[in-house]
Each structure stands twice: as structure tokens, then as C-alpha cells.
Amino acid sequence: MMKICMVGTGYVGLVTGACFADMGNEVWCVDVDEVKITNLKAAILPIYEPGLKELVERNLKEGRLRFTTEIKLGIEDALLCFITVGTPPCEDGSADLSYIFSAAQAIGQCMNHYLIVVTKSTVPVGTTEKVRDIIRQELKVSAREHVGFDVVSNPEFLKEGAAVEDFMRPDRVVIGTENIGTAELMKQLYKPFVRNQNPILIMDTKSAEMTKYAANVMLAARISFMNEIAQLCDIVGGDITNIRTGIAADHRIGRQFLYAGAGYGGSCFPKDVKELINLGYKNGLEMAIATAVHEVNERQKHYLVDMIRKRFGEKLDGMRFGVWGLAFKPQTDDMREAPSLVIVQSLINMGAKIVAFDPQAIKEAQQVFEDYADHIQYVGDMMEAVNDADALILITDWRQFRQPDFSDMKSRMRQLVLFDGRNQYDFEQIEKYGFEYYCIGRNYRGK
Ligand SMILES: NC(=O)c1ccc[n+]([C@@H]2O[C@H](COP(=O)([O-])OP(=O)(O)OC[C@H]3O[C@@H](n4cnc5c(N)ncnc54)[C@H](O)[C@@H]3O)[C@@H](O)[C@H]2O)c1
Ligand SMILES: O=c1ccn([C@@H]2O[C@H](COP(=O)(O)OP(=O)(O)O[C@H]3O[C@H](CO)[C@@H](O)[C@H](O)[C@H]3O)[C@@H](O)[C@H]2O)c(=O)[nH]1
């Protein structure tokens, strides 16, 4: 059993804290957001994440997981303190490290015994050392210079929508430290999570920090690459789904993250690609691949809108578009950088009315689209979204959209036009019902 403090109780802090607690550790989750903490004490979660509520409820009840706004209380008995605050993008694309630095300051101000401070947030190379400097400085000010501590980089690789599963069974755990004792302790902490020969990788701090960016940008690059090939297929022919299976059979390429679609979104890929570009720029190196990954994704987010424009023209006044899926991916209510933001706003700006359904993200969407409220109607059932619609747009690949009742849709829609941003349907299946079908990288009409 280890005593652990999480500073920042968002996706990563809450999932990590709950999973550590579930393995028998004693965990305090700290956050500056009082409402969040009050709710969490009553097991009311700020996010939707499969399996997380049960985990929080169980560990709260059994006393291993506790919540507070007071960092002093959180680190009082702790041996490990994880920084899991946000690192959102600044205007220029660089990571905003102000939350990291204020967390480090707060830790330094109340630390009075040996503590290992772990940066789990995604941070650019050198940040963990800056955290060390800030803590050292704070200890000096409080004349507690004799208090020892260490810093470690331990980036997190969980995916939203599968966060608990990913944390409980990680492909690998990356630990960046130059200290053998700290490495050993971190290994002990993660031992229960590592199965099937999946490694715990000990490396230097800077490599650990960079590994996180390299992983995300590599994954984002696969998606942008497939999206670009898909757009080319729409011009010259070929079906991106065939091409995907054709290349995925090569073990060197593999099967995952090769799905063309409406573009990648979320709180990680877009910001991490931009930060890597920015880090290169600041250091005199043009990050040509990351730049292209970003640019292709921006273009991809407009691709469905371009198709709609080609089909219906510039002016969509009086037209009604059903939308299936608003979250940036299935199994989450997260709307950060979701492709739906670009698509819905563009269509409204062209005069359209939107009728939207998402299984989890409607509450989030209402906030995000506040300025567009007069032009969006939210419905609680996927079929309601297609009533009187001139077209249906599928943006997020929630499983429940996989096999809809096409004949019911046919009886409800004004025009049978379907824009599928996630290649969910077969042509034969769709055309049998008389739908005009547009998708990504399978639209070649000149055959
Ligand atoms: N969301 C993911 O799937 C994911 C996965 C891997 C890594 N990451 C990285 O992890 C970090 C956190 O991401 P997130 O999605 O969990 O963020 P989040 O926005 O969901 O949560 C951050 C939390 O930190 C709190 N906070 C801010 N300053 C604080 C302070 N000084 N003291 C205490 N709490 C404070 C905020 O109130 C918020 O609740 C980011 O760097 C992100 O890139 C995220
Ligand atoms: O083949 C694919 C796979 C994903 N996506 C899109 O890519 C985005 C990101 O998806 P995913 O990676 O599943 O979700 P995230 O929760 O953003 O997870 C990523 O970002 C996290 C935060 O850094 C990392 O920890 C994870 O390893 C990394 O996968 C979503 O918009 C998906 O729709 C595609 O378009 N095609």
C-alpha cells in the first residue's frame, strides 16, 4: 500500500486516483474546483467514462479514495504526489504550463516531508526539471530547504471512453527518472497493472516527456495520412476501407488508428501536435510532419461541409439537418476540439437548422453551442433527429448508429440524403432503401 496524492481531478487525475485506490493504495484527489470536489464526495462524477462511477463509489465507500480542495491535506502523509492538471493550448499553440507551475508552487509551499512529485500531465521536454526548480525555490522561501524530494515524469496513455480499461491494462508504463531508488518505487506501484509481458520502461526524464508527444503525433499522423489518401480516392477512385485492410495486413503497419473519418478531435491529439510544432519552432527546427498532420486534419474537419455545399449549395436557409453524434469520439461526453464543432457551426452559418442527438454529450454540447442555441434542437432519441430532415449527418461513430432502421428513417426524412463521416454503412445496404449516400474515401463516382 502506498499513500498517494493526485493534484488535479479531471479525466486523468480521477481515473488514475480511482485505479490506484482500487489496487489497495490510499489516495487523496485534490482539485481547485470546489463544486467538482463536493460532488465527488457524493460520488457524483463530472464526466462520463465507462466503469468509472462504480470504481469511485466502491473506493469511496471503502475509504481508500478521498476528495479535498486542500492540497496540504492531500500531501500530508503522501509518499507520491502526481500532478494531473490540464495543459491546454495557448493562442500560439504552445502548451499552457501555468496550471503545472501553480500546482508545483502549491506543493512546494506545504511540503514538509520527503515526497516524490510525478508529472503525469502531458508536458514538453524540460518541464519536470522546472517543477523541481519551482519546488526547490518554494522550500527555500519557507526555510525548509532540508526537506528532500524527487521528481519523475510518468506520462499517461489512456484513451477517453476506455480510460479505466487502459489504465488497468496499459500497453506499457513509461517512467522518466535518473534515480534508481525512485524508479524501483514507481515499478512497485505499477506492478499490479502490468500483465502479459507489457513493459515498465525506465528512461531519462526528457525521453519520457518526449515519448508522450511522439506517441500522440505518430497516432495522429496515421489518421491524417489515411484521411489524405481517402480524399484522393474520392477523386481518382479506390475505396479507403479496402485500402485500410490491404495495408493493415502488413504486420509492420498494423490495424489500429487507420480509420478515415471526419478528422481527429479531443483534448490531446490537436493540442499535442500543435505543441510539438511549437517546440520545434522555438528551437529552430521546422516540424514538417507534425505541421502537415495538423493541416490535413483542419482540412478534414471541413470535408463533410464541402460535400454538403456541393450537394445543396451555399445557402441552406429553411433546410433541416439531422446530426448523429456530437462528442469527439464514442463512449465519452467530451466535446473538446470535436469535429462536430466545425460542422455544426458551418452549417448554421450557411442558414441551416440542426436537430442533434448524442447518447452522452448533449449537456456539454448545450454549453459549447450556447451562441447557436436558436438554431439547434437537441433530441433524446436518434430517430427523432431525422424527422423532416433534408439530410442526416453522422459525425461520431457511436455503436447504436451502426444498424439503424433504414425503412423507419425513410418514412421520417424529407429527403433521403446521408452524409456518413465515419464510413459506417455498406453501399448496397443503403442504396436498397434509396438513400443518396456520401462517405469518406469511397465516393468515387466516375467508375
Ligand atoms: N484526457 C485524456 O484522455 C488524457 C490522457 C492522457 C494524458 N492527458 C494529459 O493529462 C493532463 C490532464 O488532462 P485532463 O483531461 O485530465 O484535464 P482536465 O481538464 O479534465 O482536468 C484538469 C483538472 O485540474 C484541475 N486543476 C487546475 N489547476 C489546479 C491546481 N493548481 N490544483 C489542483 N487542481 C487543479 C482543474 O480544476 C481540473 O479539474 C493534460 O496534460 C492532458 O494532456 C489527458
Ligand atoms: O483510426 C482512427 C482512430 C481515432 N480517430 C479519431 O481520433 C481522435 C482521438 O481518438 P482516441 O485516440 O481514441 O482518443 P483520445 O482519448 O484522444 O486518446 C488519445 O489521446 C490521449 C491523450 O494524450 C492518449 O493518452 C491516448 O493514448 C490517445 O489515443 C478521435 O476524434 C477519433 O475519432 C480517427 O479519426 N481514426
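How many nonpolar, polar and charged residues make up the shell around ligand 2?

1. The shell around ligand 2 has eleven nonpolar, five polar and four charged residues. This is a predicted model, and the points below should be read as such.

2. There are 20 residues around ligand 2, and those that come nearest are Glu160, Tyr259, Tyr264, Gly266 and Cys268. Helix α9 supplies three residues, the largest share of the shell.

3. Ligand 2 lies between domain 1 (3-203) and domain 2 (213-299), because both domains give residues to its shell.

4. On the overall fold, the protein has 17 helices and 14 strands. Its radius of gyration is 24 Å, which agrees with the value near 22 Å that a compact globule of 447 residues would have. Along the principal axes, the C-alpha atoms fill a box of roughly 75 × 45 × 40 Å.

5. Of the 447 residues, 44% are buried. Taking contacts between residues at least 6 apart in sequence, 73% join residues at least 24 apart.

6. Helix α13 spans residues 303-312, and its buried residues are Tyr303, Leu304, Val305 and Ile308. The elements that cover these buried residues include the helices α9 (205-236), α12 (288-301) and α14 (339-349), together with the strands β12 (391-394) and β13 (417-420).

7. Just after α13 comes Gly313, which takes a positive phi of about 90°.

Definitions and conventions: Residues are numbered from 1 along each chain as its sequence is written. Chains are lettered from A and ligands numbered from 1 in the order in which they are written. This is a predicted model: local features need pLDDT of at least 70, side-chain atom pairs count only at pLDDT 80 or more; totals for chains, interfaces and linings use all residues. Helices (H or I, at least four residues) and strands (E, at least two) are DSSP runs, numbered from the N terminus. The radius of gyration is taken over C-alpha atoms; the globule rule is 2.2 Å times the number of residues to the power 0.38. A residue is buried if 20 or more other C-beta atoms lie within 10 Å of its own, exposed if 12 or fewer, and partly exposed in between; C-beta atoms are placed from the backbone. Two residues are in contact if their C-beta atoms, placed from the backbone, lie within 7 Å. A residue is near a molecule or strand if its C-beta atom, placed from the backbone, lies within 6 Å of it. Ala, Val, Leu, Ile, Met, Phe, Trp, Tyr, Cys and Pro count as nonpolar, Asp, Glu, Lys and Arg as charged, and the others, Gly among them, as polar. Domain bounds come from an automatic or database domain assignment.
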